[in-house]
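My notes are below the display.

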Amino acid sequence: MNKPAPVALPAAPAAADIKHAILDKLFCMLARFPEVATPHDRYLAVAYAVRDHLLRNWASTAKSYFDHASRTAIYLSAEFLIGPQLEKNLVNLGLREPFVAALRELGWDPEAIFAEEEEPGLGNGGLGRLAACYLDSMATLEIPSIGYGIRYEFGIFDQEIRDGWQVECSDRWLRLGYPWEIARPEITFIVRFGGRTEACHDANGRYCVRWVPERIVTGTPSDTLVQGYGVKTVNLLRLWRAEAAESFDFRAFNSGDFYGAVLDKVASENITKVLYPNDEAPAGKQLRLEQQYFFVSCSLQDMIRIYRQRESSLDRFHEKYAAQLNDTHPAIAVAELMRLLVDEHHYAWDRAWDITRRTFGYTNHTLLPEALERWSLPLFGRVLPRLLEIIFEINRRFLDEVRARCPGDDDRARRLSLIDESGERFIRMAHLACVGSHAINGVAALHSQLLARTVLRDFHDLWPEKFSNKTNGVTPRRFMAVANPPLSALITRHLGPGWIRDLDRLRALEPLAADAAFRAEWRAVKLANKTALAALIARRTGIVVEPDSLFDVQAKRIHEYKRQHLNLLHVATLYLRLKRDPHTVVTPRTVILGGKAAPGYHFAKLIIKLANSIAEVVNADPATNDRLRVVFFPNFCVKTAQCIYPAADLSEQISTAGKEASGTGNMKFALNGALTIGTLDGANIEIMEEVGAENFFLFGLDAAEVADRKARGYRPAEFLEGNEELREVLDLITRGQFSLAERDLFAPLTRNLAERDDYLVLADYASYLDAQERVAAAYRDPEEWSRKSILNVARMGKFSSDRAIREYCRDIWRIDPVRVL
């Protein structure tokens, strides 16, 4: 797919017109006048004024799509971490500067208005943020598309830190209203749960199955408009809300059963109440399964509704839609589309299966076996009895195909089966996605290779033509133009604005890396961003940090394989060295960590506590705090990420090789000028290939070496025995140096490292410290550091989400752009 030519957009409205539009919204939608308007009133008025521009573009887009009967990309995802919308929409519309000028004429502070926006926490991390980046790119590249997901009433929790521990608080993102969504109450679909199935024959004597549900829930959508950058295209993010089919039982109420009168309403609405309920308990598992089925059923029914606006039969459904399964959460869509085609629209099985397989593509996002979703048969059968029958039939036919191709290989059939028969029986959702899709892709070159060699090896052997790699990308609109205006302005001054739509143009920065004056400007931008982050850190945590120090940042979801505890071992080592020899020459460093731990993941929460405990000791020690400071930045999200990425000097991408599928934080940091310290894992490998090994601080075992050590019997004690400093550091933590009030608090963590160390932290410790020494030495030469930083940004064009979407369109979806005039 070629890069699109720019679109001629209408001239920006005059400041007087913008002010009139904002005040009109203040009066007519909020019933306020300026003198009594709250800061949130002002934000809402501006948001509604901007939304009018989106609505006009959406009307033109919808008409163009209808007239062209456009083939449409469908992105099915349980997460969409879309971030704040106001500033992003202004940038994409080309209206940021006119609106900022108008706001100042009104006497309103634009930055205060941007800060007022509540962020929808509709995702857990990289998966949801990737989905949002892809929606932005599809709109920018003029690709007809709809994102489908869940309108969680409460998103991912807000994280507070109390006494060093993570505390989860409700994310009430809807409490003051959400101006970017458009409710569609006229669109509703029925979703069935529980009950039984009955075999019967229709009027033509055809065998069929009727699902008699125990309960029925209705789904109603709300649409968020996704404006492309520099184009008129506006696509949809459609999110489903669950409601009771009958929300109030008058008979129960009149008989005095006041709770029973609304019981069905409460139970139904629970389905979309919260993002990822804790599924340790059976009730949590059931709710999560209900969430996944609810949103894919609503989405597929909606796709059929849209399709039948022009077509009378579903014979060409797969020609209209290319539906991408974003990991295994929506994989149940394979069975649901079969149910709709066979049970509701009376297609023969073989024809329905052909349409289904040609509709779906599957993106795998994990190599961790425990993250490949499985559902127990008793639970699945109780909640979705008809879907279970369909999955059994898919599996029977699939295994017949396997046995025909590999006669006598019962072990292969067992491994490929959609049903895990070992012990308690489970449905393997990744297997369902593989069997029911015409294309399967990983999200980084290494990840795709490992998929084909490990977790999906049997499927690759069966259908190698299905497999491809589509390395993830991030949108430069959000993570440069919005997040880092000073750097974006500097680049635009030298390259023009075209790089925001064509990130490959950043290559033109390379010659400027040799320009001393440009390097000085580059450092000034970075220092300004670090100064702004330092001020934010002081407000949020009370910790004062020095902007001239090396900002060493690891901000991502807290998980053992991401190895935040390896970072903390390095911090403890630096502290130990400084205490041992106060005259040690070290590069002043501020270590900044951020990220959320899953509520039920105790070990990850213990890592957060360790980070805060180390920070408390190190920051209070006058012998070290002029050279070493530690910050745990609370409530990491898109909004705070936009402050952190531009300020980072060093990006910590230190996961165990072979465990991270791709990562996108690594790309966001590098695009904002941070140098990377990392392992050969995920997209780190491709980043290093692009920016040059000399501009990347590599350490640690590679994926093959990790697998080899595991196969030979990894003994972490060997590394403890051979490294006295490592023993001292672990002993320091174990003895309670950072937890004086509870000396054995971190003993479970250090004991786990000494005895198990599942993610080879100790094996990579010495190599990591050596790489950190190289980092410190390089940072002491600001000219060379800034040269490397410029080259990093200049060579990151590959990692635009625009490139990734072009590859999906070319190789999997077969979709062409539609110009909206």
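These entries cover a strand and its neighbours, then salt bridges.

Entry 1, ground rules. I am reading a predicted model, in which local features need pLDDT of at least 70 and side-chain atom pairs count only at pLDDT 80 or more, while totals for chains, interfaces and linings use all residues. Residues are numbered from 1 along each chain as its sequence is written, and side-chain values use heavy atoms, with hydrogens and water left out.

I looked up residues 72-76, strand β1 (strands are DSSP runs of E, at least two residues, and helices runs of H or I, at least four, numbered from the N terminus). Five of its five residues are buried (under 20% relative accessible area, with exposed over 50% and partly exposed in between; 1.4 Å probe, protein chains only). T72, I74 and L76 point one way, A73 and Y75 the other.

Strands pair if DSSP finds at least two bridges between them. β1 runs parallel to β11 (residues 321-326), with five bridges, and Y75 stands opposite Q324 there. Four bridges join β1 to β2 (residues 145-150), also parallel; A73 has S145 as its bridge partner in β2.

I found 75 in the structure (a side-chain nitrogen of Lys or Arg within 4 Å of a carboxyl oxygen of Asp or Glu). One of them joins K25 and D52 at 2.8 Å, N to O. K25 is in helix α1 and D52 in helix α2, so the pair ties together parts 27 residues apart in sequence. K25 is buried at 12%; D52 is partly exposed at 23%.
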